[in-house]
Amino acid sequence: MYHLHFFLTRHEMPHFLWKNVLLFTCLLLITSINSQDYDDSDNAPANPEQDKCIGVFLTYTFTKRTKEYPHVKNASAQAYAFDAVATILNTMSEDLKAWEFFVGFQHDEILVSVRNAVLTNGTDFPVKVGNGTTFSGFPDSDLLNAIETAGDMEQIQRIIKIKGTQFGVKPPGTPMPKTMKLMNSGFKCPEPTKKGGQMYLCCVKDPKMKKKTNTTKFLKRQKADLTIAYDILQAYGNNYLAQVTMDNWHPLGRLDNWNLTWEWKRGEFIYSMRGAYTLKRDSSSCIYSQAASYYTDFDFAPVISCDKNPIIVDLPPEREKDKDIGNLPFCCKNGTLLPKQMNSSLSTAMFQLQVYKMPPDLNRTTLHAPQNWKIKGELNPNYVCGPPVRVEPMEFPDPSGLMSETAAVASWQVGCNITRPKPRQNRCCVSFSAYYNESVIPCNTCACGCSDAVACDPDAQALLLPSEALLIPFRNRTAKAKAWAKLKHRSIPNPLPCGDNCGVSINWHIVSNYRNGWSARITLFNWKQYIFKDWFTAVTLDHDVFIDYQKVYSFNGTILNSTKHTVFMQGLEGLKYLVGIVNATDPTKNPQIPGKQQTVISFTKKKRPNIKLSKGPGFPTKVYFNGEECALPDQLPISNGYSLRSGISRVALAVISAFFIYLGILL
């Protein structure tokens, strides 16, 4: 607050001077009020505790909320729009590279927008974050240190403006997160201190972590299941040439017909491409875009894409030598990315693009990578990609053929990791069967999802099946499933259970069990019309089973040293295609026929001679198809108390039992 002491009274001042003093006083008061307006300014009030921190100081401040429609009586279901501010301040003597700030939301929050940061997992808004989420810096992912910036707060601190919806905490309660922390490795964070609508903490360097020496100002390239490099090869005033390189590092990772997308955050557009193309090419989207308002005399007809979120796909092999759109190494594989141990030449993909920029980025050195990267395939693992991280510039062999290397102008790296499918979100499933049980335990109900409007029970347990039912589509199994349930004296639910809805199913059948070993048969069924080229499957087995693994017969089977207790299988020459489902010779009488491949796997009993297969160890703990982890049944086949190989029927067992009971009575 400003205090004025006047040496002249109002009556001693000239009239015009008194008016100027009053005006000056009002201006000072307005300036004072505006400087304290936290909601409308990008300057957060300093927390006195931050002066004691030598590390990274984090705060979260709840600012306001408003009751949203619909207004309901149930307090736990009432929605409130809220605003909050999070800050991250570097108080160290070194830079903080690629910061990641986790906020443990706990009130079913839905984020609508975030300023000065992006979500680390690249999820689009609005997004549910009731279990917490992580923020990363954008457009600048690093926080510099105060010593080398003369304490410039714009370079050592980020203020994150958060807007969203939360549920269930009515006023005067304050809906605060459960916790927060810095996610960068090498830091220790205590539990945050909470005071009313604010929480804060100081994360410090872990003294046990060995300090990594880095001779450049950028981070080293990181490891991930799939890495994507965004390298700028040439930079001009208003455009640049970039190269995108994707490398598959996971032994079970794979992509078929990959679709890659990202989000332009600064109005960029793609002028031309080599090695790939965008699924949508519409010049009208350019003419009515922000770019057209700046490039007024620009011909947008040849422009590849002005979409904010372009979808990019690989070129087919026949365009590999095309001098206009192909002719790049590792391009034009029809979107196939295989594991390196399967085919190293197909484990990398590459394409180039010419990108035009928008104001205020119209100089050579203002360069930004796109954000929110996503990649997916036909029936492949689910990859979650982090934000692009500025790394050391990539070095390329000199195009002239000399021994020198040419460095990129700037480089970013995106790390994508495989995530385990959530329940009912798989894309393949497994059924179990064994020689000692006549029934097949089918794939779980809705293993790969169910429609919201269906005339079946999505929560009912799948009906047991006779073995021949595995060969026909689910919609044609109803009669066989009902007849089998009646034969086995099992109840039939009404409505019937829904199907598994999976494009690929795999049956694991224990074929035999003898004194020196045992064997299982694995059968792949393709219920899609899509043909899987260069397919593979893998099974993870219990340790007691894996140590006695012997051989795979009709497939090429190898042991993966990088993945515990896992057998990797692919087709032999001439059997590398898993064909799609086809119509029967007479479709009016017979159901469709799935594509099918199968093999037998043998095991010895040298190290585990007393293994009890009927107790469950003979069944895999994980099954993969083309890298996707398949849903396993909830049950295992149990022994019926007799062996089908012995030829003793249930009737014979009943007669023998009755005889011994009768004999006991006589005795």
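Student: Where in the chain does P495 lie?

Tutor: In this predicted model, P495 belongs to the loop between α5 (478-487) and β28 (504-514). The peptide bond that joins N494 to P495 is cis, with omega at about 5°.

Student: What makes the phi of C332 worth a remark?

Tutor: Most residues other than glycine have a negative phi. C332 is not a glycine, yet its phi is positive, about 65°. C446 also has a positive phi, near 55°. C332 lies in the loop between β18 (311-314) and β19, and C446 in the loop between β27 (437-441) and α5.

Student: Why is C332 called buried?

Tutor: Buried means under 20% relative accessible area. C332 has 1%, so it counts as buried. C446 has 0%, so that residue counts as buried too. In the protein of 667 residues, buried residues make up 46%.

Student: What makes L279 exposed rather than buried?

Tutor: Exposed means over 50% relative accessible area. L279 is at 52%, so it counts as exposed. L279 sits in the loop between β17 (276-278) and α3 (283-287). Together with Y277 and I311, L279 forms a nonpolar surface patch with about 280 Å² of accessible area.

Student: Why are Y60 and F105 called an edge-to-face pair?

Tutor: Two values settle that. Rings pair if their centres lie within 6.5 Å, and planes over 60 degrees apart count as edge-to-face. The centres of Y60 and F105 are 6.1 Å apart and their planes stand at 75°, so the pair is edge-to-face. Y60 is in strand β1 (residues 56-67) and F105 in the loop between β3 (100-103) and β4 (110-115), so the pair ties together parts that are 45 residues apart in sequence. At 1% relative accessibility Y60 counts as buried, and F105, at 3%, is buried as well.

Student: How many aromatic pairs does the whole structure have?

Tutor: A search finds 29 of them. There is also an aromatic cluster formed by F269, Y271, Y294, Y295, F298, F300 and Y356.

Student: How do you know that R65 sits over the ring of Y80?

Tutor: A charge over a ring must be within 6 Å of the ring centre and within 35 degrees of the ring normal. The charged end of R65 is 4.9 Å from the centre of the Y80 ring and sits over it. R390 lies over the face of W412, at 4.9 Å from the ring centre.

Student: What makes K163 and D83 a salt bridge?

Tutor: The cut-off is a side-chain nitrogen of Lys or Arg within 4 Å of a carboxyl oxygen of Asp or Glu. For K163 and D83 the closest N and O atoms are 2.9 Å apart, and the two residues form a salt bridge. This pair links distant parts of the chain: K163 is in strand β8 (residues 157-167) and D83 in strand β2, 80 residues apart. K64, D83 and K163 are linked in a network of salt bridges.

Student: Which parts does the salt bridge of E263 and K308 tie together?

Tutor: The side chains of E263 and K308 meet at 3.4 Å, N to O. E263 lies in strand β15 (residues 259-263) and K308 in the loop between α4 (290-294) and β18, so the bridge ties together parts 45 residues apart in sequence. E263 is buried at 10%, while K308 is partly exposed at 48%.

Student: Where is N90, and what makes it buried?

Tutor: N90 is in strand β2 (residues 79-90). Its relative accessibility is 1%, so N90 counts as buried. N90 and N145 are 55 residues apart in sequence, but 6.3 Å apart in space, C-alpha to C-alpha. Leaving aside neighbours within four places in sequence, the residues in contact with N90 include G55, D95 and N145.

Definitions and conventions:
Residues numbered from 1 in each chain as written. Predicted model: local features only at pLDDT ≥ 70, side-chain atom pairs only at ≥ 80, totals over all residues. Heavy atoms only, no water. Helix = DSSP H or I, 4+ residues; strand = E, 2+ residues; numbered from the N terminus. Buried < 20%, exposed > 50% of the residue type's maximum accessible area, 1.4 Å probe, protein only. Patch = residues over 30% accessible without salt bridge, like charges linked within 9 Å, V, L, I, M, F, W, Y side chains within 5 Å. Areas by Shrake-Rupley, 256 points an atom, 1.4 Å probe, with all protein chains shown as cover. Phe/Tyr/Trp six-rings, centres within 6.5 Å; stacked < 30°, edge-to-face > 60°. Contact = heavy atoms within 4.5 Å.
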